[in-house]
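Please look over the sequence and the coordinates shown here before reading on. The explanation is meant to be read beside them.

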Amino acid sequence: MAQIHINPENQTPETIHMTITEDTFNFSSAKQMAKDMAFEKCDAPMILSWKNSKTGESYPDYECGVSDRPFWIRYAEGRGANLTIDFNDGEYVFMILKM
């Protein structure tokens, strides 16, 4: 079984808010930008969950129990997400584990 080792320097949760006004900005470009920014923060980032508010899609797309927060957020937090990249006030959000 594989084990994930996290760098103690990456433990503090961090949120990056970005505003992008380009007409061509979409989910694919947001995801690539999030990956690029995450790689600037650590050597091996892992996107744990995301939300596309334009379409209402999220990953993981699952509901479990009753909660005041969406499952995709609880899922990432439960797995140690310590970097959130938020584009355009929630238009696209990526929750990442910095390792």
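This is a predicted model: local features need pLDDT of at least 70, side-chain atom pairs count only at pLDDT 80 or more; totals for chains, interfaces and linings use all residues.

Residues are numbered from 1 along each chain as its sequence is written, and side-chain values use heavy atoms, with hydrogens and water left out.

The chain contains two helices and five strands, which follow one another along the sequence in the pattern β-α-β-β-α-β-β; helices (H or I, at least four residues) and strands (E, at least two) are DSSP runs, numbered from the N terminus. Of the 99 residues in the chain, 38% are buried, where buried means under 20% relative accessible area, exposed over 50%, and partly exposed in between, with a 1.4 Å probe and protein chains only. The chain exposes about 6,400 Å², of which carbon and sulfur atoms supply 49%; accessible areas come from the Shrake-Rupley method with a 1.4 Å probe, and for residues only the protein chains shown count as cover. Among contacts (heavy atoms within 4.5 Å) between residues at least 6 apart in sequence, 61% join residues at least 24 apart.

Helix H1 has 15 residues and spans 21 Å from its first C-alpha to its last, close to the 21 Å expected at 1.5 Å a residue, the expected span being 1.5 Å times one less than the number of residues. At the start of H1, a side-chain oxygen of Asn26 comes to within 3.1 Å of the backbone nitrogen of Ser28. Which residues of H1 are buried? They are Phe27, Ala30, Ala34, Met37 and Ala38. These residues cover an arc of only 100° around the axis, so they lie on the same side of H1; the arc is that of the directions from the helix axis to the C-beta atoms. In general, an α-helix has 3.6 residues a turn, so residues three or four places apart point the same way. The face of H1 turned away from its buried side carries the exposed residues Ser28 and Glu40, whereas the cover over the buried residues includes strand S1 (14–18), S2, S4 and S5.

H2 is followed by Gly80, whose phi is positive, near 90°. Ala81, placed in the loop between H2 and S4, counts as buried at 19% relative accessibility. Beyond its neighbours within four places in sequence, Ala81 is in contact with Leu48, Ala76, Met95, Ile96 and Leu97. Ala81 and Pro45 are 36 residues apart in sequence and 9.9 Å apart in space, C-alpha to C-alpha.

Some backbone details remain. The peptide bond from Tyr59 to Pro60 is cis, with omega near -5°, and Pro60 is found in the loop between S3 and H2. In the loop between S4 and S5, Asn88 has a positive phi of about 55° although it is not a glycine, and Asp89, in that loop as well, has a positive phi near 55°. Is each of them buried or exposed? Asn88 is buried, with a relative accessible area of 18%, whereas Asp89 is exposed at 76%.

After S5 comes the segment that holds Lys98, a residue that is buried, with a relative accessible area of 5%. The side chains of Lys98 and Glu14 are joined by a polar contact of 3.1 Å, a polar contact being a pair of N or O atoms within 3.5 Å, of which, within protein, one must be able to donate a hydrogen and the other to accept it, and residues adjacent in sequence count only if both atoms are side-chain atoms.
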